[in-house]
Amino acid sequence: GEYSDFFTAFGKVGYIAEHESSLTEKSYREQHTFAGADGSRHVCFSHCKNNPLKKRVYFEVPVDHSARVFIGHIGPHLKTVLYG
């Protein structure tokens, strides 16, 4: 089925963070920016951790909640102020 709330739809994860700290967002914006198939740029500061797979998923939730969520990265922890 379809979900209107990505955070609810993703299921059981270790945690979900809707954003990074303002210092990380300022310092590591480029490392959290990914290109879409059409060449558009997506800043993915929202993230969650899938405990069974030991992976992090970084994504951009669109302002228009009927639009698709953009997944920018699935893998290890991206750079932040605490985990540079």
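Contact here means heavy atoms within 4.5 Å. The model is predicted, and local features need pLDDT of at least 70, side-chain atom pairs count only at pLDDT 80 or more, and totals for chains, interfaces and linings use all residues. Residues are numbered from 1 along each chain as its sequence is written, and side-chain values use heavy atoms, with hydrogens and water left out.

Phe-34 also belongs to the largest nonpolar core, whose 5 residues are Phe-34, Cys-44, Tyr-58, Phe-70 and Leu-78. A nonpolar core is a set of buried Ala, Val, Leu, Ile, Met, Phe, Trp, Tyr and Cys residues joined through side-chain atoms within 4.5 Å. Buried means under 20% relative accessible area, exposed over 50%, and partly exposed in between, with a 1.4 Å probe and protein chains only. In soluble globular proteins, nonpolar side chains tend to be buried together. A search of the whole structure finds 0 disulfides, a disulfide being a pair of cysteine sulfur atoms within 2.5 Å.

The protein chain as a whole may now be considered. Its secondary structure comes to 2 helices and 6 strands, which follow the pattern α-β-α-β-β-β-β-β along the sequence. Helices (H or I, at least four residues) and strands (E, at least two) are DSSP runs, numbered from the N terminus. Buried residues make up 32% of the 84 residues. Of the contacts with a separation of 6 or more, 43% join residues 24 or more positions apart.

Confidence is expressed as pLDDT, the predictor's confidence in each residue, from 0 to 100. The chain averages a pLDDT of 84, and 82% of the residues score at least 70. Confidence is highest in strand E2 (residues 33–35), at a mean of 97, and lowest in helix H1 (residues 6–9), at 60.

Finally, Thr-80 is found in the segment after strand E6 (70–75). Thr-80 has a relative accessible area of 3% and is therefore buried. Not counting residues up to four places away in sequence, Thr-80 touches Glu-20, Thr-24, Tyr-28 and His-32. The side chain of Thr-80 also reaches the backbone nitrogen of Tyr-83 at 2.9 Å.

Definitions and conventions
Polar contact = N/O pair within 3.5 Å; in protein donor to acceptor, adjacent residues only side chain to side chain.
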